[in-house]
Amino acid sequence: MKKWYFEDFTEGQEIVLGGRLVTEEEIIAFATQFDPQPFHIDHEAAARSIFGRLAASGWHTCSMMMRMVVDGILNDSSSMGSPGLDSIRWIKPVYAGDTLTVTYLTKEVRPSNSKPDRGVVVSVWKATNQHGELVATVEGMGMFGRRPAGAAHA
């Protein structure tokens, strides 16, 4: 039984998705494969950069946020995918040893006009570090199936 259907999202709702420790090994592994800029993969180059030390790729930060949303909501939902993102902001660097906490904020909920079996949820994902500092935001849309007749509420 799914926990999250379209009807379970309400405007202004905040869902805290827990914390995740960022390691140096994963910063280097991700960047080596997907974003091999020197300040993501080389300690000496990172020390000379505006970051002052090895920093996670913004794309790595988004990937970690996505994983937390999948584990915390989407894998236990009627998700039908997403038509896309409207905004990604990398506000502060993410470093090895940081613990990211992601909060899923429901910004807007609207039933589909053309497909009555689903609706769209506009959300903002906010990642903060262990100091409570905002490090990244992602704004986008997700499509969720409506609760079937007779299905229990969460």
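User: What makes the crossing of helix 1 and helix 4 right-handed?
Analyst: Helix 1 and helix 4 cross in the right-handed way. Keep in mind that this is a predicted model, where local features need pLDDT of at least 70, side-chain atom pairs count only at pLDDT 80 or more, and totals for chains, interfaces and linings use all residues. Residues are numbered from 1 along each chain as its sequence is written, and side-chain values use heavy atoms, with hydrogens and water left out.

User: Why are helix 1 and helix 4 called roughly perpendicular?
Analyst: The axes of helix 1 (residues 24-34) and helix 4 (residues 58-72) cross at roughly 115 degrees and come within 9 Å. Roughly perpendicular covers 65 to 115 degrees, so that's the name this pair gets.

User: Which residues make that contact?
Analyst: Helix 1 brings Glu26, Ile27 and Phe30, and helix 4 brings Trp59, His60, Ser63 and Met64; contact here means heavy atoms within 4.5 Å. By class, that's four nonpolar, two polar and one charged residues.

User: How do you know that Arg146 and Glu7 form a salt bridge?
Analyst: The term asks for a side-chain nitrogen of Lys or Arg within 4 Å of a carboxyl oxygen of Asp or Glu. For Arg146 and Glu7, the closest N and O atoms are 2.9 Å apart, so the pair qualifies. The whole structure has seven salt bridges.

User: What does the Arg146 and Glu7 pair tie together?
Analyst: Arg146 sits in the segment after strand 5 and Glu7 in the segment before strand 1 (14-21), so the bridge links parts that are 139 residues apart in sequence.

Key: Axes fitted to C-alpha atoms, helices over the stretch in contact; angles between N-to-C directions. Helix = DSSP H or I, 4+ residues; strand = E, 2+ residues; numbered from the N terminus. Parallel < 35°, antiparallel > 145°, perpendicular 65-115°, else oblique. Left-handed = near helix turned anticlockwise from the far one by under 90°. Nonpolar A, V, L, I, M, F, W, Y, C, P; charged D, E, K, R; others polar.
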